[in-house]
Amino acid sequence: MANYTDEVCKEFLRKIPLVREVFKLENEDSTFRIEDAFKFNYDHIPNIYTYDEQEGTFSFVFAEKGVRVTLETDSMIERRDFKLTYIRSCPIVDGVNFVGEINVTHPSGETARIFLPGARTYDPAGITGHAHASERIGPDCFASQTAITVAQIYAIKVGCPLKFIQAMQKNSLPVIEAFHERFELHEWMHHQVVSALLEKKQPMKYPEFLKQKIETGSLNFDGAGHEHSREYMLRFEDYLAGKARFIFPPYQFFQKIDKSDDKSGSLLEFVGKDCYFAFRDMQDPVKNKSRQKNVSDQIQSIEHRAAFLDKDDPDFAQNVEQRLELWRQPLEERLAELQQQQKKNEDRLQKIEFETKEHRQECNCTIF
């Protein structure tokens, strides 16, 4: 993608992640706002966890569509006094558009950040065409993974030992396997929680985590559904090598966003008409360039054939030239149409880029 699309790409990525309003609870009479859970001051969240301070017990009870996880411990250690601050900042980290972050501050001074995926976050480990685990994180995957992450964070806060946190991770796998299959995301979120809260250090970023798994042989992106994953990891390597200023998701992610509008809500509501249509036109600019090249090649082929007409037979040559001209004219018109559309796309993107810079001070956006 050309450099002039960087700003509109960032603006688009920043606007699209969503926080689902409430957790999807097994008991339909119970609801709990997800953003309230990020305050981390509730001892009980229905269908997720219960902490009984008097009894000194923590229960992880999580169910989804009949798959139920129940785990309890009374092996509590001293309550941990780190400070947790949720920020709805829509950070873009290595091209992955998160919905927010949790800032962690330990009494001893160490700090760390836990990045939170939302609905419409890009998942580099997703699988193109997969019913649940595509390139785009859906609202159900977001809500379930968030429930597990929130439970682990609160369990650590009230004093649960590491082995219990690890048991929570392991015992929640049946839910992930049955309905979501985002195993790498599930592992990485657990890695973030343990690193930031127990090891008091900044967790690996998502592509760093995936890269480590690939290097150790526990993950590969060889399948047909991982074309976008391979492309993304190559872009990440270029970024590390200083060959790219910014990483953005491959076009398959944006195509999936388009296809899923009806389920997740109108994209126009979040990005605005101009930004939406301009970016949609530029979703895969390589294809537009390819179409222009294809038309140009056909015109050249016609001209090449005309050059080898039988000049000794004027009537035959004139007849063929007339037929070739009939073919050439619509092709040239099509080429002009494509070039004009490309110019409109570029004009729109430049306009959006200018407006983005004008309103940068109003944008609560963090880009790494």
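These legends describe close-up views of a predicted model.

View 1. Strand β8 covers residues 100-105, and strand β9 covers residues 111-116. The two strands pair in the antiparallel sense over six bridges.

**View 2. The open sheet of β5, β8 and β9.** Three strands form this sheet in the order β5-β8-β9, with antiparallel pairing. Strands β5 (83-87) and β9 each have a single partner strand, so they stand at the edges and one side of each has no neighbour in the sheet. Neighbouring strands are turned by 20° against each other on average, direction ignored. β5 and β8 run antiparallel and are joined by five bridges. Tyr-86 has Ile-102, in β8, as its bridge partner.

**View 3. Helix α6 on the sheet.** Helix α6 spans residues 183-198 and packs on the sheet. The helix touches β5, β8 and β9. Its direction makes about 160° with that of β9.

**View 4. Helix α3 against helix α6.** Helix α3 (residues 139-158) packs with α6 at an angle of about 20°. Their axes are 10 Å apart. Angles under 35 degrees count as roughly parallel, so α3 is roughly parallel to α6. The crossing of the two helices is right-handed.

**View 5. Residues between α3 and α6.** From α3 come Gln-145, Ile-148, Thr-149, Gln-152, Ile-153 and Ile-156. They meet Leu-185, His-186, Met-189, His-190, Val-193, Leu-197 and Leu-198 in α6. By class, this contact has eight nonpolar residues, five polar residues and no charged ones.

Technical notes:
Residues numbered from 1 in each chain as written. Predicted model: local features only at pLDDT ≥ 70, side-chain atom pairs only at ≥ 80, totals over all residues. Heavy atoms only, no water. Pairing = 2+ DSSP bridges. Helix = DSSP H or I, 4+ residues; strand = E, 2+ residues; numbered from the N terminus. Axes fitted to C-alpha atoms, helices over the stretch in contact; angles between N-to-C directions. Contact = heavy atoms within 4.5 Å. Parallel < 35°, antiparallel > 145°, perpendicular 65-115°, else oblique. Left-handed = near helix turned anticlockwise from the far one by under 90°. Nonpolar A, V, L, I, M, F, W, Y, C, P; charged D, E, K, R; others polar.
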